Amino acid sequence: MDQNSSNNSPGQPWLSLEQWRQDPEFLKLTEKEFRSSPLQSEDGQSGHARRDFLKLMGASLALTSFGCVRRPAQTIIPYAKKPPEIQHGHPNFYASSFVDGMEAFGILVTTRDGRPIKIEGNPDHPANMGTMSARAHADILRLYDPDRFTGAKRNLQNKNRTNRETINAKWDDLDKNVVEQLNKGKVAVLTYNHASPTTQVLMEEFAGAFGGKIYQYDDVSYASLMEAQKASYGSAAIPRYRIEKAKVIVAINNDFLGTWVAPVTHQRQFASGRKKSTEGINKLVVFESLMTLTGTNADKRYRIRPSQSLDVVMALLHELIVVRKQSRYSADDGVIRALSGFSKNREDLSLNLGELADELWKNRGQSLILAGGLTADGDFGVALQVAANFLNSVLENDGKTIESGKAVVRGGPIGELIDALNKKQITTLIIHGSNPVYSLPPGAKFREALANVEMLITTSDRNDETARLADFVATDHHALENWGDLQSLDGTLSIQQPTIQPLHDTRAFQDSMLAWLKGANKGSAKAKAAATWYDYLTASWKPLATGKGSFEDNWNQILQDGVLKTSAASGGGRSIAGNTLANVKPTAKRAGFELAIYQKVGIGDGRMANVPWLQELPDPVTKVCWDNYACISPKDSVQLKVKEGQHVTLTVGDQKVEVPVHIQPGQADGVVGLAIGYGRQGGGKVVDGIGANAMMLAQWSDGRAITAGLETKVQPLVKVTQLAITQGHHVMEGRQIVVEETVADHVKNPGGQVHRHKMKTMWSEHKYNGNKWGMVIDLNTCTGCSSCVVACQSENNIPVVGKKHVIDGREMQWLRVDRYYIGTPEDPDVVHQPLPCMHCDNAPCETVCPVIATVHSDEGTNDMIYNRCVGTRYCANNCPYKVRRFNWFSYTDIQAPRQMALNPEVTVRSRGVMEKCTFCIHRIRTVKANHKVNDTKLVDGDVKTACQQSCPTGAITFGDLNDKTSVVATNFESPKSYALLEELNTKPAVRYQVKVRNTDHLKWAPKHAGGHGGGHGDGHKEDKKAPGHSEGGGH
Amino acid sequence: MSKKIVGAVVVFGLLGGLSVFVWALSTNKVVIGYNQGYEPDQPIPYSHKQHAGDLQINCKYCHSGVDSSRHASVPPLNVCMNCHLVIKTDSPHIQKLTEAYNSGKSIPWKKVHLLPDHVKFNHAAHVKAGKDCTTCHGNIQEMVVVKQVSSLSMGWCVNCHREPENKAPLNCSTCHY
Amino acid sequence: MIQRSPLVLGKKTYETVSNDIAGIVERFPDKRFFAGLAGAQGLLLIFLLAQGAIVWFGMGLMGVNHPVGWGTDIITFVFWIGIGHAGTLISAVLFLFRQKWRMSIARSAEAMTVFAVMTAGLFPVLHTGRPWLAYWLLPYPNQRGPLWVNFRSPLVWDVFAVSTYATVSAVFWYIGMVPDLATIRDRAQNKWRKRIYGVLSLGWRGTARNWNHYEMVYMLLAGLSTPLVLSVHSIVSFDFAVAVLPGWHTTIFPPYFVAGAIFSGFAMVVTLMSIIRELLPVFKDYVTLDHMENMNKIIMATGLLVGYAYASEFFIAWYSGVAYEVFIFKNRAFGPYGWSYWIMVTCNVLIPQLFWFRYFRRNIPWMFVISIFVNIGMWFERFVITITSLHRDFLPSSWGMWVPTIYDFGALFGSFGLFFTLFLLYIRVLPSISMSEVKPVLFVGRNDGHGDKGHSEGKHGHH
Amino acid sequence: MDIIEKLIQKARPTSRNGVAGLWMDEHQMVEAAAKIRAAGFTQIEAISPFPLHGIDEAIGIPRSFIPWVTFTFGLAGFAFGTWFTWWASAVDWPLIVGGKPMWSLPAFVPIMFELTILFAALSSVGALIFVCGLPQVDPPVIDPALTSHKFALWVPEGSAGFNGPKLEQMFKELGAGEVKKAEF
C-alpha cells in the first residue's frame, strides 16, 4: 500500500497513523492546520481577507481606533463594482429566519457594507412579531466566532477514536471519500430539529438514496412531551398553546416563559393576557422545584420536588373529579381508580389545592395546564405529560387554549440509533447540527457505540466533542451564510437567506448532501437538476410561491417579507383518547436530594455558549454569569453548612461532578438544580472550562434522558470560589423601587400604592420645544427575560469583560435588569426591573462633570460625549441609579473577526471614558436626518430603541413626550406610572408602571423611603427576614 | 528706571501677543494641528479641475451619496468606467484604472478629509440645508490635487452652526454619540 | 501678665541663630539624612511604578469599580490636602492672632503645606481615566468652539481652589524665605552657593523701605490665606457635599472638613517636628516642648470638634427621618466596613484624649505615636466617607464592595515617598526656620541682658 | 565663566556712594536713625536682617500703598470671575447642565472667590517685587552680616543736607561699631 493511497483511503484512515507521520506532505498539512487554527488570530489572511466587503473596511470607519490619531493617512478603497443595493452609510435589512430548539421565528438582519451587524425580529412573522430572544441576538457573534472551523476537516483517528490528528481536508477529497463510503450502504443521518421542510425533504431523499435512516436528537429533548401527545391525542405533534386566551395558567415544573418550547411566543402571549390589568388579567400559578423565570412571574407559587410534579396534576384531578365531582369523568371508575392510587402521594404533597381547583373549573376552557420540561423529565416524565393532557381535557381546554400543532418529528428516536449502532447495523453515520457526544448522559454509551461505525461525518462548525470523534467534518455554514426555509410551530413558513458570503471555506450541509448524491449518481430529478442547494430550495418553493406575477416576483416578495404570509395554519381542536390515566402510576418517594437539571435562559442548551454576550448575560433569576452552579434552597444550605460559592460534589449513581453552590431563595427544599450547557471541552475558547456538564449526572432509560428526580448525594468541599454575580443586594430594604399592587387595588385605583411626592425647585425648568424623548417600562408585563440586555449590547458595541472583572464589579452592560426578592427567603415573590439610564431632566451626573462631557440636549436626552470625557467617574458616583459604566481597561481589542459585528453608528469607547445608555441616540439621529432629507415628518413609532424593539412582551415604550398623542406620552402621564427615586427630584425621562400581582394580598407592601418626617422606622421590618446574600459574592 | 521700562514692555508685549494668539486660535483665525492644507498625491492623478471645473460634471454624478447618505462616498470604479471605457483609454493612468476595474481590486485613494471616529457628520443633512460643497471643501472645481481647505476643527464646525440663519443644533450629541 | 517661658532656648544671639540655621544648609549632611532620603526615594519609586502602571494599563488596576468609583486616589487626595492645611494655618491664622510661638515652626509647616498640596494635586489627575487630558479641566481658550468647562462642577471648583491654594501658599512660603535666602547668600563663601542663593533671594537688601512693604504684603497674604485655607477644604468637602449620595449630601461637611484638616495638619507637623528634632538636634532649641505642647492642645481641640461632627452626622441622619440616610449611617458603623469606622473613631476621637494629660502633651515619643494614630485615623475618615457612602446607595441592586489591590497600596504609601523626598531635600537646601521671624522674638520670655521684652514684642503688624 | 561674570556686571543695579554706619544693637540704630533724620539728613536707608519696630517713623517712611493694589486687583478678580463664569456658561455656549439655569450664580461663587484671592495675592506680591525693584542681580552689599546680625544706616552722597564728616561723626557718637564709605 503506497502512502498516498493510504492517506486517501476512506475506509481505514486510522490505520495510516504511523505512515502519515513520516509523510512530509502530511506534516506540512498539519503545520498549516495549526498555523491557520481558529485559535490563532492571524488567520485573517487565509480566512476572510479575500472577501469583497473587507475592501470597504478601510473606508468604513476604523472602528477600533477611537481617539485622535490624525495622520498617517488612511485610504479609501471604493468598490470596483458596487452592488446596487449597497449605499455607503446606509444599512440594508434582509429578512431571514432563526431556529433555536423547537422555536423558529423570523429575523431581520441589519447589514452594513455587506456585513451583518445586528439581528432584529421580523415584525411580519406571527411567532415573534418583531421581537427577539437573547439568544437570537447572540447568533450574530456565532457567525463571527473565531473558534469556527475555517473549512472541511479530516481527523485521523486511532481505532477507538480516542486519539486523533486534525488536518485540513479538501472538499473534493472529502466528497470522494464520503461517497465511496456511502455507497457501501448502512447509512444513518442524525439530525437536530432544523425546522426546515425543504431540508427535511432533501434529507429524506438523501437517506433514501443510500438506504439509510434519519434519526433525530436535540440537545434538549421534548421526547416525553411528544410521546405523551401521541398517547393522549394520537399525534406526536407539539400542540400550539394559546396562552393569551387563558385566564388561569398552571405551570408545573414548566419554564414556558424562559426556556420551554417557544419562550418568545409564550412571553408575548402571556403578556397580552397580563396587559388586561383592569379586567380579566390572567393568573399564573406555578408549582416548581427550582426558581425559574416562569416562577418569578407567578402570582402564586408552590414549591415541590421534581418527583411531586405528577402528584400535583393528580391532586388537581382528584379535587375536580373526586372531591367536586365535576366533569364528565366524575363517574368514570377507571379514572377514579387511577386517582385513588395517588392518595399516599397527595398526603405527602399536603397542599391545599381546593381553591385552585375551583378557580380552574370556573375558568374551564379558559385555563391552561403546562407541565414538564427538563426539571420534571424523570422516570415519570411521560406520565406527567399524559396526566397534564388529561387535566387540560377535563378543563375543556382542548381546542380553546390548546390547539393541535404541526409535527416536528425529523427522524427516529436516538435510542433506536444507539441500538442500531450497537448491533452494527450502521457503518456510516452523519451527525448534523447536534452534539450528542457532549449532551447525552453517559449511560447512553453513545461514545462507545460510535466505535462500531466505519465512518463518522459531522457538520459541526467547531472542534466540538462530537466533531473530535468524526473522521470527516463537512463544516456547515452558519445560518446567516446559508439559504433555507423554516417552519415554526404554528406552521408559518419563512425563508432563511444568506446575508454575507461565507466567511470561511465551509459548505452548507444541504450542498454536501447534493454533492454526495451527485457523486454517487443518485437522487431525484430535482436533486440532479439542482446545481446548488439554492436551486433545490427554489424548485421546492415553486408550488408555494404562488400569486399574481411570475415565480421570480413572488419569490422576491417572499424574500422581502421573509415569511410566507398565507402559511400559518389555523389551529384545530382535538380530542383525548378516553381515559389515558391507566398507565399513570405513582412515583416512588425519593430519599435525600433530588436532582433537577435545567436550562438557563441565556445559555439554553449550550449551542451558543461560546458567545461571550450570553456568558456575561446575568441569569435573570440568580444574576450570576460565567458559571453553572448547584442551586440549593436556603434551608438546605444551613443544613449542609455550605455558603455561597462553596464547592460541593454531586453524586448520582457512580457519576460525580464538582460545582460551586448558589443559594437560591424560593427553591424547594431537598432539591439541587444544575444547568446544562457547561463543562464543555470543545465549545470554543470562551466556554471551554467553565462549569461542569450537568448531563454527566443524567440517567439513560428507555431511550430517554432522565434529568429530574434523581436521588443525589450532595457533599460539601472546602474549596470556595466566587460566583460572578452582577447584583449586589437582593431585597429592596423598604424603599420604593418596584411598586406592586393587587388586582383589587389596581382596579380601584391604578397606581394608588405609589407614594408620590410634591417636589419644589429653586429655579424655573428648561423648556423642551422640539422633541422630548422619554420611555415607559411596564413592570407588569416585563418578565425579566433579559433579551433587551443583549439587544442593547449588540446595538451599542458594549464590551464583554469576563468573569474576573464581573466579580470586581466592572460589568459593562448599559441596561441591567434588577431582580428583587420580596418576602421570606424560603418563599419570596420576585420582581424584575430593567434599568436603563433615566435621562433625568435634573441629571445629577451632569452637574458634577467638570468638562461638560455629559450634558442635556435640547431634546431631553442625557448625552455622554466619550471624546470629551477625562474619566473622573464623578458622574457615576453621583448617579442615584448607578447606570454609568466606566472603561477600566481598554476593551477595544476584540478578537477577530468578532469586531465585524460592531455597529459603525456607535463610537467604540476607549480606555478611561465613561459610557451609558444613550436612548439609542444614533437611531434618533438617523431617523431625524432621514426625515429631514426626505422632507417627511417624524411620527410616533419611528424611533425605536434596541431594547424596545427586542422586548417580547412590549413592556418598553419609547418616543416623543411632547407629542401628546404618542403611546409613550400617554403611558408617561398614566396614573400607573411613577418615577424611580422621585423624591430626589431628578425628574427621570424613564418611568415605570406598577406591577400588578393577581393575588389578594402582597407579601410586602412598599414603604416609602424618602423625605417627609418620621414613620418609616418600621419600614424594614419584613425585610429583616428577607433573603439577602448581603453582598452575595458579587463585587 | 529704563531697565524697568524695558522689562515692562517685554512683559506686556508677551502678554499682548499671547492674548492675540489665543484670540486667533479660539476664533479659528489660526489653526494648529488639524491638517489644514493637506494635499496628498493620489495613486491616480485624478483632477477635479478637469472633471468638475472644465467638464462641469456635477459633483453628485460621482459622489452619489451626498444628498442621501451620511457619506458622500468615493465613486466605485464602475462609475469611472462609464466614461473611461471609451474616453482616453490610451492614458497610462486610465489603463491602470481599467486594470484595477477588471481585476476587481479597486484603487486605494488617499483620504483627504479625515474626521475622527467620534465625530458623526451627515453630508445629506448639510446638502439638504442648502450648503454648497464649496462651503467646506473650497473651490474644488479649481483643484488639480484636492486639498483640505477648511480646518475641520470642532470650532470651525460650531461657529458655522452658531450662525442664526443656519438654525443648526448645538447639542453635543448632534455630532458625538 | 503671665511670665512665659522663652520661645527659643539656649541663650541665642542673632549671630548664633544665623549660624544654627544657615549652618544646616552649609554643612554636608550626615549619613542619617542620606539613609532617610534613600528610604523616601524608595517609596517614591514605588509610587512612580504603581501610578505609571495605572496610567499605562488603566484605572482598573486599582480597586475602584461600580459602584465605588472613587477609592484610594481620592481618599489620599483629601488626606494630603488636609495635611496641607496646618502650614497656612500656622503661618497665616496664627500670625494674625499674634501667636509668637508660630515663628519657629511656620517655615517647616508651610513647606509641609506646599509639598502636601503638590502630592495631593497629583491624585485627582492620576485618578482620572485619561490623565493626559486632565488639562481639559482648565478653562483655557481652545479650538473647539471654544468649549469651556462646567463651572457648576465641584471638580472645577477644586481645580480653582487647589491651584489657587498651591500658588498662594507657595508664594507665601517663598516670599517669607527671601530675607533668609539673602542671609545664606551673604554668608556664602562658595561662589556657586552665593550665586544660587543670590538668584533665589532676588537680590534682597533688607532696607527699611523694603521691609515696610514686605511686612505689609506678608500681612496681606496672611489675611488672604486665612479665608483661602478655609475655602479650600470647604470646596474639597463640596466634592462630596454637593453630590446626592446619602452620607455625602450634608451641610456639615465644610466646617467638619476644615476642622479635620487642621487636626490632621497639626498631627503631621508634630510627626515631622518629632523626627526633625531627632535628625537635627539644633531644632530642639527652636522648636521647644512648649511649641509641641501648643500644637498638641490644638490637636486635642480639633479632635473634639471632629468627634462632635461624627456624632452630629448620626443625629441628623436619625432626625431627618430619611431612610437612605439612616441606613447609610447604620451601615457605616455596623456594615461590612464598620471596622474602618471604628478605626477612625478610635484614632481621631479617643486616642487624642490622652492630650488632656500634660505628660502626654510634653512627651515626644508619646506625641509622635499619637500623631501617627491621628494621621491613620484621618486617612480612614476619608475612607469611611468615600467608600461606605458609595458602596451602598439608593438602589440595593447596585450595591457592591471595594477591595484594594497592590496598586492602591502602592499609590498610598508611595505618596509618602514623594512627600518625604521633597521635605528632606527642603530641610537641607532651604532655611528651615525663619531667621528673620525668629530673631525679633528671640528674647521673648528671657531675662538675660539683651534688651527688654517690650522692645522686641509686637513688631509685626504694628501698623 | 567670564560671560556669566560679564552678564552679572551688566545687570547690576546702579549704585551710589554714601556713608554707612554699622550697629550690633538694633535699638541703638533706631534711635540713631531718628537723630540723624532730625539733624537734616535725607534719603536715609536703614538696613537690617529683620524688620525693626519704629524705624519707619524714625526715618520717615510712609505707610505702604500696597493694600490699595490688593484691593483693586481683588475686586478685578471678583469681577472677572463673575463675568467669565456668566459669559462662558450662559452666553458663549449655553448648555443644559443638570437642569440648572444657564447662569447658576450660587454654583459660581467658589470660582469668583478663588479668583478674587488669587488676583489679590499675586498682585500684592507683584507690587512688592515691583516697588522693591526686585529682582536685583548681585546688589551691592555694605556688610555681609547685615542680613544676619548687624544693623546699618546709610546716607547717599549728594542727598539733600548731606555732610559726610558730620555724618561720620554722628554715627560714631550714636554708637556705631563701624563707620565706612560704602556703595549702595
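Predicted model: local features only at pLDDT ≥ 70, side-chain atom pairs only at ≥ 80, totals over all residues.
**Stop 1: chain C against chain B**

Select chain C and chain B. Seven residues of chain C and 13 residues of chain B take part in the contact. Together the two chains bury about 760 Å². Carbon and sulfur atoms give 56% of that area. Next, look for polar contacts: two residue pairs make them between chain C and chain B, both at pLDDT 80 or more. Color the chain C side by class. Where chain C touches chain B, it has three nonpolar, three polar and one charged residues.

**Stop 2: B:His118**

Stay on chain B and select B:His118. This residue sits in the loop between strand E1 (109–110) and helix H6 (123–128). Is B:His118 buried or exposed? B:His118 has a relative accessible area of 6%, under the 20% cut-off, so it counts as buried. Now show A:Asn867. Its side chain and that of B:His118 are joined by a polar contact of 3.5 Å.

**Stop 3: helix H14 of chain A**

Move to chain A and select residues 354–362, helix H14. Highlight A:Gly354, A:Leu356, A:Ala357, A:Leu360 and A:Trp361: these are buried. Look down the axis of H14(A). The buried residues lie within an arc of 160 degrees, so they line one face of the helix. Turn to the other side of H14(A), where A:Glu355 and A:Lys362 are exposed.

What covers the buried residues of H14(A)? Show chain A strands E10 (248–252), E11 (283–288) and E13 (367–371), then helices H11 (309–323) and H15 (381–394); the cover includes these elements.

Conventions:
Residues numbered from 1 in each chain as written. Chains lettered and ligands numbered in written order. Heavy atoms only, no water. Helix = DSSP H or I, 4+ residues; strand = E, 2+ residues; numbered from the N terminus. Buried < 20%, exposed > 50% of the residue type's maximum accessible area, 1.4 Å probe, protein only. Polar contact = N/O pair within 3.5 Å; in protein donor to acceptor, adjacent residues only side chain to side chain. Arc of directions from axis to C-beta. Contact = heavy atoms within 4.5 Å. Buried area = accessible area lost by both parts, 1.4 Å probe. Nonpolar A, V, L, I, M, F, W, Y, C, P; charged D, E, K, R; others polar.
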